[in-house]
Amino acid sequence: MCGIVGYIGNEEAAPVLIKGLKRLEYRGYDSAGIAVLGKPGLLIRKSKGALQNLEAKIAGELAGDILDGSVGIGHTRWATHGEPSDINSHPHTDVSGKIAVVHNGIIENHAKLKAWLTEHGANFRSETDTEVIAHLLNFYYKGDILQAVIEALKRLTGSYALGIICENDPDRIIAVRKESPLVVGAGAGENLIASDVPALLEYTRDVYYLEDREIAVLYRDRIAFYNDEGDEHQRESSHIDWDAGAAEKGGYEHFMIKEIHEQPKALRDTLRARIKIDNNSKTINLEEIGFDASWAKAERVVIAACGTAYHAGVIGKYAFEKFTRVHTEAAIASEYRYSNPIFNPKDIFLIISQSGETADTLAAMRMAKKGGARIIAITNAVGSTLAREADLVMYTWAGPEIAVASTKAFTTQLMCVYLIALQLGRLRNTISDAELAAHIAALESLPEQAERILSEKENIQRFASLQFNKSKVFYMGRLFDYAVSMESALKLKEISYTHSEAFAAGELKHGPIALVDDTTLVTALCTQSALFDKMDSNIKEVKARFAATAVITYDDVDYFNNTADQVFRIPRTPDSLSPILAIIPCQLYAYYCSVLRGLDPDKPRNLAKSVTVE
Ligand code: M6R
C-alpha cells in the first residue's frame with residue numbers, strides 16, 4: 001500500500017529513485033512521483049498511472065534540471081484519500097515549496113489537522129491525508145527540519161512511513177515510521193530508505209529496520225537514529241543474505257509464474273533447517289525458535305490472518321486438530337479484532353502474514369497479547385513488525401515475493417503450519433513416532449512432487465485456453481480441500497477478474513447449486529480419500545446442470561475418470577498434507593487465465609501487496 005524510497009549520495013538521485021520505485025511497484029501503481037534537491041532547489045515530478053509515465057516525464061527533462069541532484073525521495077501510490085491523479089500523487093509540499101514528503105499509511109486525524117492548518121494559513125491543493133504533514137512541518141520549521149519532524153509527529157495519529165527532504169537543509173533525509181514498514185540501507189558514501197528490502201539491494205545489503213516512532217537521519221556518510229523525543233541512540237544493522245537476483249524476473253514473463261516455479265526450492269529451504277536426525281531417525285527441530293515443551297500445555301489454538309494467509313490458517317485448523325487434538329479456530333483477522341474475543345493465557349495464538357505488516361493481522365495479534373495469549377508468528381519478512389512483536393517467530397524461507405498474488409508464501413506458510421502442528425502433536429503424545437516419521441518423510445517428498453506438477457503445467461495451460469472466458473468458476477471440496485478451494489477461488493478472482501467462489505461441497509445443494517448452469521466451470525478438489533464417494537455425487541450433481549467439470553486428485557486414483565470432464569493429477573501424499581500440492585494446478589490455472597485475458601497477473605487492479613491500512 002504505497003511504496004517509498006529515498007537516496008542521498010553522490011549519484012544522480014532521480015534514476016536511483018526510479019529504479020527503487022520499480023522494485024516497489026507491487027505496493028501501489030496508480031501514480032508515482034519524485035522530489036529531488038537540485039541546483040535550483042526542490043524539484044518535483046509526478047504522474048498519474050504507471051511508473052513509466054513518470055519515467056517518460058523525466059526523460060523529457062533538460063539537462064541540469066531534475067537529473068542534477070543527488071538527494072531525493074520517491075513514491076508509488078495506492079490511492080486511499082483522493083483519486084489517482086497528478087495532484088494527489090506524492091511527494092507533497094508545504095506552502096513554501098521547500099519541504100517535500102512521501103508517505104505510506106493513513107493519517108487518521110487529517111481532517112481536524114487540515115481545518116486547523118487552514119486557519120493558520122495553509123493552502124491545500126490535494127485531497128490526500130498526506131498533505132497535512134507537509135503543512136505541519138512548515139508550521140514547526142524554525143530552521144531545523146529534524147526538530148520540525150519531532151514536533152509534527154506529536155500531532156499525527158494513524159500510521160505512517162515518511163521520507164522528508166528540505167531545500168534549506170539539503171544534505172540530509174529524515175525518515176520515520178509508525179505501523180508502516182520502512183527500511184534504511186547503509187551504503188558506502190550513500191544511504192537509502194525504502195518500504196521494502198528489494199529496492200535497496202543494488203546498493204547495499206546492510207539494513208536497519210526502523211522501530212515504531214524511531215527517526216533516522218540519513219547523511220551521505222552516516223546515519224543517525226533518534227527516538228521521537230530527539231534523543232540519539234546507536235543501532236545494529238542486519239545483513240540481507242538473499243541476492244538481488246531473487247527479486248528479478250530471471251527470464252520468466254511475470255513474477256507470479258517465476259514464484260510458482262520457485263515453490264520446490266522455497267519448500268525445501270523452509271523445511272531443511274527444521275529437520276534433525278536423532279538416533280538414526282528424523283525429528284522436527286523447532287528449539288532454535290523457542291518452541292519447547294512449555295507450549296504443549298495449550299488448551300486452544302487460535303489462528304488469525306487475512307486473505308491467502310487466512311486460508312493457510314484454515315488448513316492449520318484441520319492440521320492442528322488432527323495432529324494435536326487441541327481445539328483450533330481459524331479467524332479472519334479483520335473480523336476477529338472487532339468480535340470481542342475470549343482469551344485464555346493457555347491459548348496459542350498463531351499469526352500468519354507474508355508481509356508481517358498487515359494492519360488487521362497486527363491488531364489481532366496485539367489484542368491477543370494483551371489478553372495474555374502466547375504468540376507464534378509465521379512470516380516471510382525478517383524484521384517486520386509482526387516478527388518483532390511476537391513471542392516466537394518461524395520464518396518462511398520463501399525469498400522475496402513480488403507478485404501481488406501470493407503463491408510461494410502460501411505453500412511455505414503451510415510447511416511451517418505442518419511443522420508446528422506435528423511437533424505439538426509429538427510434545428502432547430497425540431501422534432506416534434511412526435506417524436511422525438511417515439509425515440516427515442512425506443514433507444520431505446513435497447518439493448520434488450511439486451516439481452513434477454510443474455513439469456506438467458502445459459496440461460493446465462491447455463485447459464485454461466479452453467475455459468478462460470467462463471463467467472463463473474466454482475471450486476468445491478471437503479475439509480482440507482475446502483480450504484484449498486477458497487485459496488483457488490481467491491487466486492482466480494484476484495488476477496483474472498473472473499467471478500469465482502469456493503463452496504464446501506456438502507453445502508452445494510443448500511443454495512449455491514442454483515447458480516450452476518452451462519456457463520459454469522466447477523473444479524472439485526478431491527484429495528480426502530474417505531470422502532471420494534461424496535465428491536463423486538457432488539460432481540454428478542453439477543454435471544447434471546450442464547457445468548463443465550474438472551477434478552484434482554492423486555495420480556493413483558481412478559475414481560473420477562468417468563465423472564469429470566478433465567482430471568488433473570498430483571502425486572500421492574497423506575491427505576492432510578495434500579494442500580501444498582493441490583494448490584499448484586489452481587495457481588497455474590489462475591495465472592494462465594489472467595494472461596489469456598490480456599491482464600498483468602503481477603499487478604492486479606485495486607490490489608496492493610502489503611495492506612498496511614485497515
Ligand atoms: O502480508 P499478508 O500475508 O498478511 O497479506 C494478507 C493478504 O492481504 C494477502 O494474502 C492477499 O490476500 C494476497 N493478495 C493473496 O494473494
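The radius of gyration is taken here over C-alpha atoms, and the globule rule is 2.2 Å times the number of residues to the power 0.38. For 614 residues that rule puts a compact globule near 25 Å, and the chain comes in at 25 Å, so the two agree. This is a predicted model, so local features need pLDDT of at least 70 and side-chain atom pairs count only at pLDDT 80 or more, while totals for chains, interfaces and linings use all residues. Residues are numbered from 1 along each chain as its sequence is written, and side-chain values use heavy atoms, with hydrogens and water left out.

The C-alpha trace spans about 75 × 55 × 45 Å along its principal axes. The chain holds 17 helices and 27 strands (DSSP runs numbered from the N terminus: H or I of at least four residues for helices, E of at least two for strands). Of the 614 residues, 61% are buried, meaning under 20% relative accessible area with a 1.4 Å probe and protein chains only, against over 50% for exposed and in between for partly exposed. Take the contacts (heavy atoms within 4.5 Å) between residues at least 6 apart in sequence: 71% of them join residues at least 24 apart.

Helix 2 (residues 51-59) makes a handy close-up. Its buried residues are Leu 51, Leu 54 and Ile 58. Viewed down the axis of helix 2, these fall within an arc of 60° and so line one face; the arc is that of the directions from the helix axis to the C-beta atoms. The buried residues of helix 2 pack against helix 1 (13-24), strand 2 (31-38) and strand 3 (41-48). Gln 52, Ala 56 and Ala 59 sit exposed on the other side of helix 2.
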